[in-house]
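Here is a protein to walk through. Keep the sequence and the 3D view side by side as you read.

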Amino acid sequence: MKTSVTLPDICTERDIKTLVDNLCQKATNDTLLGASFGAAARIHWPHYLTTQYRYWSSTLLGHGSTEGEPLPEQVALPRSGQHIQHWFNIFSSTIEEHFSGSKAEEAKQLAKQLATRLSATRSRELPVD
């Protein structure tokens with residue numbers, strides 16, 4: 001008989017770090033997004049990660065200010081809804097692997113809103129043939 005493990009909700013700075021670190025690792029190693037994340041040599045990773053920790057901590061836990069962009073332009077995601085949707089899918093799966101609860105669901109909703117906003121913004125930036 002299998003026993004189910006109850007996952008914790010996102011409650012601490014350590015939880016935020018787990019989320020961000022695992023998300024970045026997955027995105028960097030992903031076949032569709034990896035080139036964008038990996039080619040981000042122009043990103044100073046410690047600064048980028050610190051910005052992500054601060055953003056998600058502020059947004060989900062109310063700690064600090066909301067400064068920081070959840071997906072800065074430096075990440076250079078391809079300007080396509082497919083890639084942005086794929087990023088959201090990785091974000092959601094990362095949440096589901098590590099967390100469960102109201103904050104975890106809130107994180108997924110915020111990421112979905114971000115993906116929707118980025119898809120709309122970036123599709124307008126594409127050249128029209």
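The protein has five helices and zero strands. Helices are DSSP runs of H or I with at least four residues, strands are runs of E with at least two, and both are numbered from the N terminus. Read from the N terminus, the elements run α-α-α-α-α.

A word on the source. This is a predicted model, where local features need pLDDT of at least 70 and side-chain atom pairs count only at pLDDT 80 or more, while totals for chains, interfaces and linings use all residues. Residues are numbered from 1 along each chain as its sequence is written, and side-chain values use heavy atoms, with hydrogens and water left out.

Start with the whole chain. Of the 129 residues in the protein, 39% are buried. Buried means under 20% relative accessible area, exposed means over 50%, and partly exposed lies in between, for a 1.4 Å probe and protein chains only. Now look at contacts, meaning heavy atoms within 4.5 Å. Take the contacts with a separation of 6 or more: residues 24 or more positions apart account for 72% of them.

Next, find two helices. How do α1 and α3 cross? Helix α1 covers residues 13-29 and helix α3 covers residues 45-61. Their axes come within 9 Å and cross at roughly 130°. Axes here are lines fitted to C-alpha atoms, for helices over the stretch in contact, and angles run from 0 to 180 degrees between N-to-C directions. The two helices are therefore oblique to each other. On this scale, angles under 35 degrees are roughly parallel, over 145 roughly antiparallel, 65 to 115 roughly perpendicular, and the rest oblique. The crossing of α1 past α3 is right-handed. That term applies if the near helix is turned clockwise from the far one by less than a right angle; anticlockwise makes a crossing left-handed.

Which residues make this contact? On the α1 side they are Glu 13, Ile 16, Lys 17, Val 20, Asp 21, Cys 24 and Thr 28. On the α3 side they are Trp 45, Tyr 48, Leu 49, Gln 52, Tyr 53, Trp 56, Ser 57, Leu 60 and Leu 61. Together they divide into ten nonpolar, three polar and three charged. Ala, Val, Leu, Ile, Met, Phe, Trp, Tyr, Cys and Pro count as nonpolar, Asp, Glu, Lys and Arg as charged, and the others, Gly among them, as polar. Notice the spacing. An α-helix has 3.6 residues a turn, so residues three or four places apart point the same way.

Zoom in on Val 20, in helix α1. Val 20 is buried, at 2% relative accessible area. Beyond its neighbours within four places in sequence, Val 20 is in contact with Leu 49, Gln 52, Tyr 53 and Trp 56.

Now follow α3 itself. This helix has 17 residues and reaches 23 Å from its first C-alpha to its last. That is close to the 24 Å expected at 1.5 Å a residue, where the expected span is 1.5 Å times one less than the number of residues. Its buried residues include Tyr 48, Leu 49, Gln 52, Tyr 53 and Trp 56. Just after α3, Gly 62 takes a positive phi of about 75°.

Asp 15 lies in α1. Is Asp 15 buried or exposed? At 15% relative accessibility, Asp 15 counts as buried. The C-alpha atoms of Asp 15 and Phe 99 are 8.6 Å apart, although 84 residues separate them along the chain. Thr 18 is also found in α1. At 26% relative accessibility, Thr 18 counts as partly exposed. Setting aside neighbours within four places, Thr 18 is in contact with His 98 and Phe 99.

End with Leu 7, in the segment before α1. Leu 7 and Ser 100 are 93 residues apart in sequence and 5.3 Å apart in space, C-alpha to C-alpha.
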